[in-house]
Amino acid sequence: MNSKVTKDEIDEILSNYDSKNLATGHICSHSTLQNTYGSRQEGLRTLGFCTSDRIKVYRSFPLASPDILLQVKTFKEILESKWQKRMKEENVIMIPTGSVVEYVGPENLEEKFYVPLFGNRRTLEWERDRNKQRQWLEKAGLKMPREYGDPSEIDGKVFVKLSGAKGGSGFFTASSEKEYYSKLNEGIRRGVISEKEPKTTIQEFISGIRYYVHYFYSSFETYEEDGANVGDGRVELLSMDRRIEPIDESYRGLPDVPEEFFDYTVTGNEPLVIRESLLRFLIKYGVDTVNTSIELFSPGIQGPFCLETIYHPDSGFTVFEVSARIVAGTNLYPHGSPYSGYIFGEPMSTGRRIAREIKRGIEEKQLNKIIF
Amino acid sequence: MNSKVTKDEIDEILSNYDSKNLATGHICSHSTLQNTYGSRQEGLRTLGFCTSDRIKVYRSFPLASPDILLQVKTFKEILESKWQKRMKEENVIMIPTGSVVEYVGPENLEEKFYVPLFGNRRTLEWERDRNKQRQWLEKAGLKMPREYGDPSEIDGKVFVKLSGAKGGSGFFTASSEKEYYSKLNEGIRRGVISEKEPKTTIQEFISGIRYYVHYFYSSFETYEEDGANVGDGRVELLSMDRRIEPIDESYRGLPDVPEEFFDYTVTGNEPLVIRESLLRFLIKYGVDTVNTSIELFSPGIQGPFCLETIYHPDSGFTVFEVSARIVAGTNLYPHGSPYSGYIFGEPMSTGRRIAREIKRGIEEKQLNKIIF
Amino acid sequence: MNSKVTKDEIDEILSNYDSKNLATGHICSHSTLQNTYGSRQEGLRTLGFCTSDRIKVYRSFPLASPDILLQVKTFKEILESKWQKRMKEENVIMIPTGSVVEYVGPENLEEKFYVPLFGNRRTLEWERDRNKQRQWLEKAGLKMPREYGDPSEIDGKVFVKLSGAKGGSGFFTASSEKEYYSKLNEGIRRGVISEKEPKTTIQEFISGIRYYVHYFYSSFETYEEDGANVGDGRVELLSMDRRIEPIDESYRGLPDVPEEFFDYTVTGNEPLVIRESLLRFLIKYGVDTVNTSIELFSPGIQGPFCLETIYHPDSGFTVFEVSARIVAGTNLYPHGSPYSGYIFGEPMSTGRRIAREIKRGIEEKQLNKIIF
């Protein structure tokens, strides 16, 4: 096990930055159009790493195209010392996204990436380790789906994920041990499952409507006394979305659907708002998630995060995951959401919110508070 | 039966108001973020009653947080004379929402609430009484789903609602008398239905796409000659939405869905637009609904209302309900909708529209025209 | 076969226009609110033909109401010489929409309509002829659904369309020749299919999520070197939508749905965004579609077009149709989309984009480049 990049090391690098000439750093994927556009709105320079097949995309959205666009063969290349050096020369603060984590690897970010990251780098381990994530959310008092240790324990409808499966494929549902094995064997027979003895995660099936709630924890802003303040900062509910997965058009394939293995890969997002009386739960969950993160890995989560929930009138909210960074669902709202307007009175996306937080850090001479 | 609050009584109260210092009144639920934000945009003060568990919500959306926030144990408390007195001292015009009607009770609003309400208080009885509502809409020429008096009459697919059922639960579909009793008994056996001999409402099942259309009847504005003018005012089509109910993710639970009792509780809303050629029907329905309301309970409906429709290419529009006040679907559009921009050329939500109508009433010295 | 209107004839008409006093022309349907509003934003006058039943609609959206509104009995009437004369007197450039094509008829537009059309009139034949359209898209390298010549060839799930069927009705799915004939006969028996020996189109059934992608090809703007430039111009990805068809609420009618013949008539549209990493395919498809159109019918497609795609993680994108003009899905975005803001930094709809392109044509004294 390699040693981890320390906060002191990053603070040292940051102390050599020209704070009047910062740039946000991006890999050209996930939510980079939004992030780059947002940085520009706030007057920050932008630097993006891009593979050759994507350059045309970013150059075709001129106001969201990075000021400095560096071509790489793979995104993982940003770990190379020449690129790390370049980023430091350009005073880059890297904005972590799902793609940064996926392509570069969370361990690599923790151990080998000596460039300031927006937010708290320690969050990475609490997000990628499913046990730690569960510990975090349950300690925060959030209801999560029950997990089953063994197929023999199945006593209701469950949602089964193949451990080796990539993305959103290789899921199925079952309501008994018998159905579990029957579907598993059918999957092996049909080649959907490649392994002979596949490992699975078995989770309680939760029915209801999915709401993916986009929060932002700011270290520099507070509400008046009664608002969702935590520590020195505040929790903002910026927007929400619903993910669109192939199963979401499965009904168009009726009557064949029940026989198939569904696919849950996220292909896009759609906007929505939630019943206003339910916001009291969502605000509470946001506050509790941040509070618990401070206890578990001080100074806790910083900047954007997302609680991935299912709501049903009978059972309330179940939270099945936290994303401790900007999620792609925020791409719906580069010009603000129905909610962010109530806080800012101007078009405020999550990407712009990140850039504004960095600017506030500069103004307050406390950039190190939100960088690791 | 108690005597009803009269228009003269409200006019008398209103005549004592300081029209330069009006406030809109709210209970913190339903669409109050939008309404409060809209009042502020139009320069009106705001007063909101809030339960302790919701204060953090409203204080965390600072631009939509009421100027005066009064804590209550239950929303029904606003009937108490101290609160009615306070509202009158603050020159409050209460904005009725679904939550105001639900928590305070329509009869209580009609009989015990001596605070000016935006709109026509008489609308309440025409909305809550299902027979009156049907009389209203049918007289307006709108096609409604057929209602069946007895299960033995079932001659096609029907939608069954348990009379005692709360919110959106306790619904099922059936295609014959036999299926009706079979499902009813299954519901009793499974405990979904608690009563032994439940009463039900049986309605024709209408297939198609739901469009919830948000209108506004203005008493102070008119279009040029050929527009949707009614009486001294005009009908505006401000926006539309689709409600999101647990059944809307039912396909994700296949193949178990058909066995279940569906839940139709509204959990949120999503935006959409309708085929432009269908607007001619929607404009007509809006005009006819207002016109008929004037005939039935002069001066008729005022301010926002919603027609809840299902459209199918084969059968056209069926209207299954009218909400004679702001609906929560408008929460999608605090910064305007695809339609409202064509009327106002600036971000216009239904909440802001209400506030603007009040301001126009002040300017015209005819506030009493839109208040009861 | 009549002779076609020639480019020289249109150029001659255009040369007599007062370019300081142009008007865009519309028939009041489809996307005319957006187009009229957009023309007004860009300072162009507007002229609309309207049937009596729709006048109230357009007069009730004052900022989207045509400056000159001419009443007609049917939209096809615009072919009459008095109307063609009037349009030329008003310096009208007609904006083609799906309704213009449907109501006036593509052949009539090609042969009898001596008024300048925005875009390339030759596009019409490449769009209406399904073989030519397939030739175009396949030459552009887009993957299209396989077509089956005969029911006996069915070797997987297929989507069957009755040739005589109007709009979106008369579709069904089948997975074998046997099922094909069984459903066809059932349809005849039930009266859904009126002909005795109906002709059908049999297409591979593609599962996945539908994304309708709204592009604009500009002849006057270019990106910097690496952007999606084609010829002298550039491809812009302005927005995307998903169409809403009766089948999209079919799950609400469970368990009866599988027995029914689905209806795919478009009733409206909903907004969405796509996973950012998929944009590289969409930009490529847009570029290739335009490039190929230049090869096939120089100067190729001009102005707005839409690729109607289905995306599945396993099979990527399948393109099932191109609409070579503005599509109604753009009605979601009269004030801009999540994507168009990245290009323009101001509210830019497709309708406004068209008007701006015309204005650029005037400035560049090259209006003839984008008019035929």
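The model is predicted: local features need pLDDT of at least 70, side-chain atom pairs count only at pLDDT 80 or more, and totals for chains, interfaces and linings use all residues. Residues are numbered from 1 along each chain as its sequence is written, chains are lettered from A and ligands numbered from 1 in the order in which they are written, and side-chain values use heavy atoms, with hydrogens and water left out. Helices (H or I, at least four residues) and strands (E, at least two) are DSSP runs, numbered from the N terminus.

**Parallel sheet in chain C**

- Four strands of chain C make an open sheet in the order 3-2-1-4, with parallel pairing. Two strands pair if DSSP finds at least two bridges between them.
- Strand 3 (68-71) and strand 4 (92-94) of chain C are the edge strands; each has a single partner strand, so one side of each has no neighbour in the sheet.
- From one strand to the next, the twist averages 25°. Angles run from 0 to 180 degrees between N-to-C directions, and axes are lines fitted to C-alpha atoms, for helices over the stretch in contact.
- Strand 2 (residues 45-50) of chain C is joined to strand 3 of chain C by four bridges, and the two run parallel. Leu47(C) stands opposite Ile68(C) in strand 3 of chain C.
- Helix 2 (residues 32-41) of chain C packs on this sheet and touches strand 1 (23-27) and strand 2 of chain C. Contact means heavy atoms within 4.5 Å. The direction of helix 2 of chain C makes about 170° with that of strand 1 of chain C.
- Helix 4 (residues 81-89) of chain C lies across strand 2, strand 3 and strand 4 of chain C. Helix 4 of chain C runs at about 175° to strand 3 of chain C.

**Antiparallel sheet in chain B**

- Chain B has an open sheet of four strands in the order 5-8-6-7, with antiparallel pairing.
- Its edges are strand 5 (147-148) and strand 7 (171-174) of chain B; each has a single partner strand, so one side of each is left without a neighbour in the sheet.
- Two bridges join strand 5 of chain B to strand 8 (residues 200-204) of chain B, and these run antiparallel. Glu147(B) has Gln203(B) in strand 8 of chain B as its bridge partner.
- Helix 9 (residues 177-189) of chain B lies across strand 6 (158-162), strand 7 and strand 8 of chain B, at about 150° to strand 7 of chain B.

**Strands in chain A**

- In strand 9 (residues 209-218) of chain A, ten of the ten residues are buried, so this strand is largely enclosed by the rest of the structure. Buried means under 20% relative accessible area, exposed over 50%, partly exposed in between (1.4 Å probe, protein chains only).
- Both faces of strand 9 of chain A are covered. Tyr211(A) and Val213(A) are among the buried residues on one side, and Arg210(A) and His214(A) among those on the other.
- Strand 9 of chain A runs antiparallel to strand 14 (residues 303-312) of chain A, with nine bridges. Phe216(A) is the bridge partner of Pro304(A) in strand 14 of chain A.
- Seven bridges link strand 9 of chain A to strand 11 (residues 233-244) of chain A, also antiparallel. There, Ser218(A) has Arg234(A) as its bridge partner.
- Four of the five residues of strand 6 (residues 158-162) of chain A are buried. Strand 6 of chain A pairs in the antiparallel sense with strand 7 (residues 171-174) of chain A over four bridges, and with strand 8 (residues 200-204) of chain A over five bridges.

**Helix packing in chain A**

- Helix 8 (residues 130-139) and helix 10 (residues 279-296) of chain A pack at about 120°, with axes 8 Å apart. They are therefore oblique to each other. Angles under 35 degrees count as roughly parallel, over 145 as roughly antiparallel, 65 to 115 as roughly perpendicular and the rest as oblique.
- Residues in this contact include Trp136(A) of helix 8 of chain A and Thr292(A) of helix 10 of chain A.
- Helix 2 (residues 32-41) and helix 12 (residues 350-363) of chain A have axes that come within 7 Å and cross at roughly 45°. This pair is therefore oblique too.
- Gln34(A) and Gly38(A) are among the residues of helix 2 of chain A that meet helix 12 of chain A, where Arg352(A) and Ile354(A) are among the partners.
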